[in-house]
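Me: I'd like a close look at one part of this protein, with some context around it. Could you walk me through it?

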Amino acid sequence: MLAAVAVTDAGHRVQIHSAARAAIVVVALIAAGFAALLGGASVARPAVALSSDDPRIDGHLVEFRELERNPTDAYRWSWRRGAIIIDGSGGQPLWLRLRLTSPRPADAPPADLNLERGARSVAQFRLADGWRTYHMLLPPDAQGSERIRLRIATFAPEPDEPGLGVALSALAFGVVADPWWPWRMLDVLGPMRALLLGSTPMLLALIAMRGLGRAAVRLRTTIAVLVSGIGVAVAWVAAMYPFETNHVLPTAWFAPGVVVSVLLLGLIIARIVAPHRWHPHEVRLITWLSRDRHALIAALVVALLQGGLYVAMVPFGRHYDEPAHLEYAWMVTFNDRVTRATPRHPDLAALAGPRQIIDNPTTYYRIVGATFRFVDQHDYTRQLYLGRMVSLGMFLITIAAGFATMREITAPGSSLRWAVPLTMALLPTFADLMTALSSDVGAIAGYSLTLWAATRLVCRGITFPRLVACIGAALLAASMKNTAITAPIVVLIACTLALQLRWRWPWRWILLVVATPLICIAVLVVRWDDPVLWYRSSGVNPAASLRVAAPGTPLGHYALQVQGGAKGSPAALHPVPRSMLPGLAGKTITVGAWLWADRPTTATAPRLQYDRRDFVTRFAQPAEPTVIGRQPRFVAWQFVVPMFTGSLFYQVDGIVNADDPANTLYLDGAVIAVGAFPVDQPPQFSDESGRSGTWGGQSFTNLIRSASFEQGGGPWMDHRVEEVFNTFAHLAPSMLMTAATDWDFFYVPMIRDGLPWMIFTLFGAYGWSDVLLEGLWWKWIFWCITAVSILGSIYYIGNRRINDHQRSIIILLTIPAVIVWIGSISRLFITVMTSPLPFARYAFPVMIITIVVLVVGLSAFFRGYTQHHVRFMVVVATIALNILALLTMWHAYYMLPA
């Protein structure tokens, strides 16, 4: 008995000593972290100086144009809402130095600049004509405002240009020093950032100790010391560069979110590697959610609360094209028939702004418009929120469809049955869009129902009611918007897989049956004799190739032919790769070609189509039409490429002549050369390809990649099929096929720009994709999450024994996901040449599949009960992301000055 008591006492003493040592270690690590902060602050750099061509300046400028250059200076122009952000310094007295100018035309308002911090004016002066450096002191603001507004009357350098304010060449700012220098620099960081950075050594050591589990004590201690040393170094460097640290952690309200995220990361790692320490409440919650009824109720309740919050919080018209959708729904509801010429109600036009043509089907708008009749016809605000409530109902339907789909394809008790619908409901970008007045909502809800019906068809077999339900859901989805036009393909895939499971057809025969008609159709409707890298718009030579063999061609044996027709002025386009455009900004280019026709006529010389990164199509062409005859005549003209050019196309128009509509225009030796070359003499090409030569005694390189039309093989589609696609899907198949052969114009921008932006907007872009999570590191985090999810899903499938039933489900989910995502990435590069980068919302119709890949991929490397907890942590991480999104939107919508 005494021995047992002694052993018990010894055990208690060991536990007490262990707890004491742990407490001492924690205190020491915290002390080391804050000592590092103080040491870094004592040698901190109290000021930041940036030139306008420094990439770091982007984080400090709001509403500024892209960088411009002249022979002596690099500078950036501000828009009407231009501002300077100095993160973390709202309550600090600062000195500010700006190098500014604002040269204006005589009729423009004077360049009187007023600097405002919060609601307070801190400086007022008139800008000089030339560059001048302005020094000023900025007193602290009671509200802690970090934004310095540059209020100035704007002017438009060109009639169609937005107003410009000031041109900024250099920016510098710093803290007004005092005797307590380290404390002043720590004050710049702010208490929450200082708390986060000072705790970094302790957090890293804790994560390392928990992560190594039952590893050897010496190994655990060594690694913990190393990672805590890294934390000390991070705290020291962060305090040395407080303004740069504030740029990484942009705002004071953002720091608590970072703390929460770090703690959640530690919790996730601890739960994964130390399952014996799971909290009992967590186990009980997962057990409760494992029952289907509870999972569905939880998902719907979360979606309802989440959706209601977004409906109420997002201001009027801050979603994608929401004013245009509201106007179209109103016109569909209160007009018998809506056309492009339907007059607008003046009050609604004033609210919605310039008309945006909506070519979407009216199904969604009629459903929404049914609620408009319960309120005053001209109560537009209430109509908007009623429309959002209808979208919220469709959001709930989508979440229920996600749960039902998981119920069909997973075994009872699977954590996917609650993890997938909860993650869908909590993903902020998805909830944000699904509570907007937008036809995207109807398309997503319809496509989600189609996926559910299709999985039932495959899992339970084909019956007449199930087939009717699947077809009906697909037709409903397709009638909402063209983003869901592929829904009928899901029905065909589901029917094929269901029949294969029932009759046990060999896969090779199924592939043969599916591929044969597709190949036959492609052979019948696709031609391969257009010139390579030339895009034909709808209506160009509908029954003939753009490339024709012609006698007497100036360069080689082939020429481009474009016929006039009933559709007006059709066009053939050749893009200049986007990678070349920055080098052309502000330079003179010479545009030319040899032209002739079947019969003498007057035609438009080759012109340029471009935009100035504002997604407005513009044209540049010679001042006078060109008189052409039956013999080739060289025509050239010059153009100065604007500084901000987002796209540039060489465009050939047909001959518009009502008296001679069948006349055909021929073109050869198309050229765009950088420089001012003589327009009254033709160039001398070095070979038949037309890629280089001499012009007026000067050598040049042709920006046209297929200038002589000698190389055929470009695809184009039969005009009747093309018209069907244009009518129902608003797509141009010939352009899509040509783009598939154009690496420089299509694949490089899609991989370099389109795909990363799509991944970021899946997680971190809200409203009209104009409210973003700040900080470049968010993009890396989201890209890594996406990569791990995809690789994890592949690993999950590759390391399981897949039966025929599971293989069919994987095929059913994979094909629509690939089609929709690839189509979403590529659609705006092709269908609209002067368009912004594609948004992830175009891929939201397959959100159920996207979330399955996310949840399965992140948990694929774990087994057993640990996998359930990893999926639970995915839901928790989505909650954290949702909190950050809500804070970001609240800050953007309600805290920033107008």
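How many bridges join β12 to strand β15, and in which sense do the two run?

Reply: Happy to! Please keep in mind that this is a predicted model. Strand β12 is joined to β15 (residues 571-575) by 2 bridges, and the two strands run antiparallel. Within this pair, Tyr-535 stands opposite Leu-573 of β15.

Stepping back, both strands belong to an open sheet of 5 strands, ordered β12-β15-β22-β18-β19, with antiparallel pairing. The edges of that sheet are β12 (535-536) and β19 (618-620), each of which pairs on one side only.

For another antiparallel pair, look at β25 (residues 692-695) and β26 (residues 698-701), which are linked by 4 bridges. Here Thr-694 stands opposite Ser-699 in β26. The two strands form a hairpin with 2 residues between them, and Gly-696 in the turn has a positive phi of about 60°.

Now for the helices. Helix α8 (residues 292-313) has 22 residues, so at 1.5 Å a residue it should span 32 Å; its end C-alpha atoms are 31 Å apart, which agrees. Among the buried residues of α8 are His-294, Gln-306, Tyr-310 and Met-313.

Helix α15 (residues 439-460) contains Gly-442. Gly-442 counts as buried because its relative accessibility is 2%, where the cut-off is under 20%. Leaving aside neighbours within four places in sequence, Gly-442 is in contact with Tyr-364, Met-394 and Met-480. Tyr-365 is 77 residues from Gly-442 in sequence, yet their C-alpha atoms are 9.2 Å apart in space.

Technical notes
Residues numbered from 1 in each chain as written. Predicted model: local features only at pLDDT ≥ 70, side-chain atom pairs only at ≥ 80, totals over all residues. Heavy atoms only, no water. Pairing = 2+ DSSP bridges. Expected span 1.5 Å × (residues − 1). Buried < 20%, exposed > 50% of the residue type's maximum accessible area, 1.4 Å probe, protein only. Contact = heavy atoms within 4.5 Å.
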